[in-house]
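Please consult the sequence and structure shown here.

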Amino acid sequence: MGDTRLDILSGVDLTIMPGESLAIVGASGSGKSTLLGLLAGLDSPSAGEVHLGGSNLSALDEDGRARLRGEWVGFVFQSFQLLPSLTALENVMLPLELAGKPDPESVARGWLARVGLEARLEHYPKQLSGGEQQRVALARAFAGSPRLLFADEPTGNLDTATGQQIIELLFSLNQEQGTTLVLVTHDDKLAERCRRTVRIAAGRIVGDARAA
């Protein structure tokens with residue numbers, strides 16, 4: 001920022017093993033969402049390296065990182081990130097089509113049915129409730145069979161009851177698929193659902209605990 005250097009993260013050393021469920025927790029502004037963006041290759045670090053599936057993300061250009069994300073990663077965001085001009089079915093189909101997956105419509109229909117939206121395939125995001133939009137986002141995230149799922153405050157825009165339904169669905173699908181889960185949350189109760197919790201304060205890891 002001008003002549004002032006602002007370190008958002010510093011001295012982070014973290015290894016996530018296949019099949020782990022890991023919660024990243026911390027106060028607002030602690031750096032947890034920035035860490036998620038770096039782990040996913042959405043951002044590039046000013047120093048250090050991030051390795052995903054044996055590839056050094058720092059050595060790849062944006063197209064290379066995008067290809068790796070398409071192969072490895074699914075995302076669920078607080079703000080849903082659905083394209084408003086596409087129906088629920090089209091939102092789930094789009095990444096499958098971009099990745100050249102076979103029969104994307106059939107796969108998308110199947111996943112929307114699994115999240116309870118088989119009757120809402122042709123509805124646009126503005127015609128869906130917040131919980132329904134997040135169900136579409138979950139279907140989209142899992143439809144590509146990712147090996148790694150990143151979830152950034154996935155219930156942040158939902159009421160308590162709807163948020164709990166989404167969390168139950170997220171963990172159920174994740175356990176069924178055997179996906180590695182990295183979940184950013186400020187909710188300690190939600191973090192307890194994961195087998196490992198990493199706590200961040202002022203851009204540094206101050207705790208790393210595994211469930212008993």
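A pocket is an open set of points on a 1 Å grid over the protein atoms alone, with protein on both sides within 12 Å along at least five of seven lines, and a cavity is a set of points where a 1.4 Å probe fits but cannot get out; lining residues have an atom within 4 Å of a point. Grid points are joined across faces, edges and corners, and a volume is the space filled by probe spheres set on the points. The model is predicted: local features need pLDDT of at least 70 and side-chain atom pairs count only at pLDDT 80 or more, while totals for chains, interfaces and linings use all residues. Residues are numbered from 1 along each chain as its sequence is written, and side-chain values use heavy atoms, with hydrogens and water left out.

**Largest pocket**
- The largest pocket holds about 950 Å³ of space.
- Its lining comprises 34 residues, with Leu35, Leu38, Leu39, Glu49 and Val50 nearest the centre.
- Helix H1 (32–39), strand S2 (51–52) and strand S5 (148–152) each give two or more residues to this lining; helices (H or I, at least four residues) and strands (E, at least two) are DSSP runs, numbered from the N terminus.
- H1 contributes the most, with four residues.
- By class, the lining has 18 nonpolar, 10 polar and six charged residues, where Ala, Val, Leu, Ile, Met, Phe, Trp, Tyr, Cys and Pro count as nonpolar, Asp, Glu, Lys and Arg as charged, and the others, Gly among them, as polar.

**Second largest pocket**
- The volume of the second largest pocket is about 630 Å³.
- Gly70, Val73, Phe75, Pro95 and Arg140 are the closest to its centre among 25 lining residues.
- H2 supplies the largest share of this lining, six residues.
- The lining divides into 15 nonpolar, five polar and five charged residues.

**Cavity**
- One cavity of 30 Å³ or more is found in the whole structure.
- The residues that line the largest cavity are Leu38, Asp43, Ser44, Pro45, Val50, Leu57, Ser58 and Arg65.

**Helix H6**
- H6 (residues 160–177) has 18 residues and spans 26 Å from first to last C-alpha, close to the 26 Å expected at 1.5 Å a residue; the expected span is 1.5 Å times one less than the number of residues.
- Gly178, which follows H6, has a positive phi near 70°.
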